[in-house]
Amino acid sequence: MELKIKQLSIFLENRKGRMKKALDVLEKGNVNIRALSIADTSDFGILRLIVPEPERTKELLEENSFIVKIGEVIAVRMRDEPGGLGEILGILDDNNINLEYLYAFVEEKEKVAIVLLHPENIDGGIKALIDGGEEIISAEEIYQL
Amino acid sequence: MIWNEEAECMSQEDKEILQLLRLRSVAKRAYNNVPYYKKLFDEAGIKPEDIKTLKDIEKLPLTTKDDLREAYPFGMFAVPPKKIVEVHTSSGTTGKPTVSGYTKKDLEIWSEAMARGLTMFGATEDDIIQNTHGYGLFTGGFGVHYGAQKIGSTVIPISTGQTKRQIEIMRDFGTSIMIFTPSYGLYLAEVAEEEGLSGKDMNLKSIGFGAEMWTVEMRREIERRFNAPAYNIYGLTEIIGPGVALECHMQDGLHVMEDHFYPEIIDSETLETLPEGEIGELVLTTLTREGMPIIRFRTKDITTLHRSECECGRTLIKMDRITGRTDDMLKIRGVTVFPSQIEKALLKMDGLEPHYQIIATRPHHLDELEIQVEASSDLFSDEIKELVAIKKKIENYIHNETGLRVNVTLVEPKTLPRSEGKAVRVIDKRKI
């Protein structure tokens, strides 16, 4: 069971239509995005995506001249109520795990709230969360959600 | 191997006598046959007979590109039009193009100059030379062609464009020497890589590049990508085309064919001739050209002349790589900047593609410089703070190189225009 989720990071210029162009490529390639986040500065943005077939999607984007990197994140099930996220962050703090970024989504079908975390030390993060009793969702499950 | 030992290894004494004889002859030819020069000489109160020493060249008037433009089309010819067997023009990017006319003898001179030059960096009759310079009014194509034929090598006159075909031919015909502009060379390497052809697979002996400004770092990049040494070819349409000066194996300056093209360095502001070793504007005089003799042409190229012993054995005077043009020079907030400085700073960064554009604007009465650079996958990091740090790092390199604070924008790959010829590096949007 793979506990690390492959995430695509795509470099986007801060110009009109760049994000749409990337999404059009994905649409043409029949890629169904599971989760998405965009980080931006005034000059450029990084589009982060969770997709069912990360390698194929990377190739597709690169064929269209996009710069793509594959990184890893951890998917953790959250209690879908106030304090749900706080609990998870608390465990990471207690274990001195530094978080670079995170984003969250709710999956209606399974009625699940999921947070995707990118800690500095991913293995440390996984260990701390498991020890803290949190539920880590496997890659296979995430891609199929 | 030296193509013409007698000419290329001549003693300084003999050379100066030859140059003086030729200078007197070209001054006379220009005065007697080109009304424009007669007028210019008369206005300066000088006659060809006044040339008694080489230093007397300084008495002769300078010719500018605008002078040549005014003479469009054939006002500078010293022979009746029927004696002109070939014409070429400059690219006309900065105004009306200038015309260059050649008699049969002039084509011989051109072939000789390029034959010497190609031999300088090792070309022989066994080589297969792929010439990607444009064949047409541009002098690059034909100049290389004539030189290559003179030494007896097999020339592939493929001219510009058709990049995928260029790579096919390189592979199928077994090209041993590539000729291109540096910016096209880099583009070619990019496409070759996509086609699965690496530098090692190319089996090139060497590369001749020119027609554009370049930096040491850009040459290294070209050499790395093509896995072959690269040598500069310098020339200009007004004087003859490529062949005015070329690098030998030492890659330590270009040998000027000074028995045919006499070089001087002047201060572009005061117009006085500077001594050897000082940097300034290159001025060239054709000593032997029949169809269109040119006296003291201001090239606007900035360089230095050095007379020293070269390990290659030639005594031809050397000029440095052109470091800028008097008109490429940008003044930003009072600071003089050349695109070559920006290029040098950019190439210091690992993982940067050498595709960039410099945009000068004046948004609030103060000059601003934006440098757009293409990001590469090596450079890209998933973390915003790292990308911002990279942007700042580039800005710091540029600041170190030029003293200027600029704004660097990372753009997506393949979004900046590629060129088949000279790349447009600077866009000046300031309305002065």
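Apart from residues within four places of it in sequence, B:Val256 is in contact with B:Val244, B:Ala245, B:Phe261, B:Pro263, B:Leu316, B:Ile317 and B:Met319. The structure described here is a predicted model. B:Val256 belongs to the largest nonpolar core, which has 85 residues. Together with B:Ile207 and B:Val244, B:Val256 is among the residues with the most contacts inside this core. The element that gives the most to the core is helix 5 of chain B (residues 104–120), with seven residues. In soluble globular proteins, nonpolar side chains tend to be buried together.

The confidence of the prediction was examined next. The scores of the model are an ipTM of 0.71 and a pTM of 0.71. For chain B the average pLDDT is 91, and 99% of the residues score at least 70. Within chain B, strand 3 (residues 128–131) has the highest confidence, at 98, whereas strand 17 (residues 335–337) has the lowest, at a mean of 75. Where pLDDT is low, the predicted coordinates should not be read in detail.

The contact between the chains takes 13 residues from chain A and 15 residues from chain B. On the side of chain B that touches chain A, two or more residues are given by helix 12 (384–402) and by strand 20 (407–411). Helix 12 of chain B supplies the largest share of this side, four residues. By class, the residues on this side of chain B are eight nonpolar, two polar and five charged.

Two pairs of helices in chain B were examined for their packing. Helix 7 (residues 163–173) and helix 8 (residues 182–194) of chain B have axes 10 Å apart and pack at an angle of about 75°. An angle from 65 to 115 degrees counts as roughly perpendicular, and helix 7 and helix 8 of chain B are therefore roughly perpendicular to each other. Helix 7 of chain B contributes B:Thr163, B:Lys164, B:Gln166 and B:Ile167 to the contact, and helix 8 of chain B contributes B:Tyr187, B:Leu188, B:Val191 and B:Ala192. Five of the residues in this contact are nonpolar, two are polar and one is charged.

In the second pair, helix 10 (residues 216–226) and helix 11 (residues 339–347) of chain B cross at roughly 50°, and their axes come within 8 Å. Helix 10 and helix 11 of chain B are therefore oblique to each other. The residues in contact are B:Glu217, B:Met218 and B:Glu221 on helix 10 of chain B, and B:Glu343, B:Lys344 and B:Leu347 on helix 11 of chain B. This contact has four charged residues, two nonpolar residues and no polar residues.

Some backbone features lie in loops. The peptide bond that joins B:Tyr72 and B:Pro73 is cis, with omega about 0°. B:Pro73 is found in the loop between helix 4 (65–70) and strand 1 (86–89) of chain B. A:Asn96 is not a glycine, yet its phi is positive, at about 60°. This residue sits in the loop between helix 3 (84–94) and strand 5 (99–107) of chain A. With 9 other C-beta atoms within 10 Å, A:Asn96 is exposed. B:Lys414, also not a glycine, has a positive phi of about 65°. The loop that holds B:Lys414 runs between strand 20 and strand 21 (426–428) of chain B. B:Lys414 is partly exposed, with 14 C-beta neighbours inside 10 Å.

Two residues of chain A were examined for their surroundings. A:Ile114 lies in strand 6 (residues 112–119) of chain A. It is buried, because 24 other C-beta atoms lie within 10 Å. Leaving aside residues up to four places away in sequence, A:Ile114 touches A:Ala75, A:Val76, A:Arg77, A:Met78, A:Ala104, A:Phe105, A:Glu107 and A:Ile137. The C-alpha atoms of A:Ile114 and A:Ile136 are 9.4 Å apart, and the two residues are 22 residues apart in sequence.

A:Arg34 lies in the loop between helix 1 (18–28) and strand 2 (35–40) of chain A. A:Arg34 is partly exposed, with 19 other C-beta atoms within 10 Å. Not counting residues up to four places away in sequence, A:Arg34 touches A:Ile50, A:Val51, A:Pro52, A:Ile142, A:Tyr143 and A:Leu145. A:Arg34 and A:Phe105 are 71 residues apart along the chain, and their C-alpha atoms are separated by 9.1 Å.

Note on methods. Residues numbered from 1 in each chain as written. Chains lettered and ligands numbered in written order. Predicted model: local features only at pLDDT ≥ 70, side-chain atom pairs only at ≥ 80, totals over all residues. Axes fitted to C-alpha atoms, helices over the stretch in contact; angles between N-to-C directions. Parallel < 35°, antiparallel > 145°, perpendicular 65-115°, else oblique. Contact = placed C-beta atoms within 7 Å. Nonpolar A, V, L, I, M, F, W, Y, C, P; charged D, E, K, R; others polar. pLDDT = per-residue confidence, 0-100. Core = buried A, V, L, I, M, F, W, Y, C linked by C-beta atoms within 7 Å. Buried ≥ 20, exposed ≤ 12 C-beta atoms within 10 Å, placed from the backbone.
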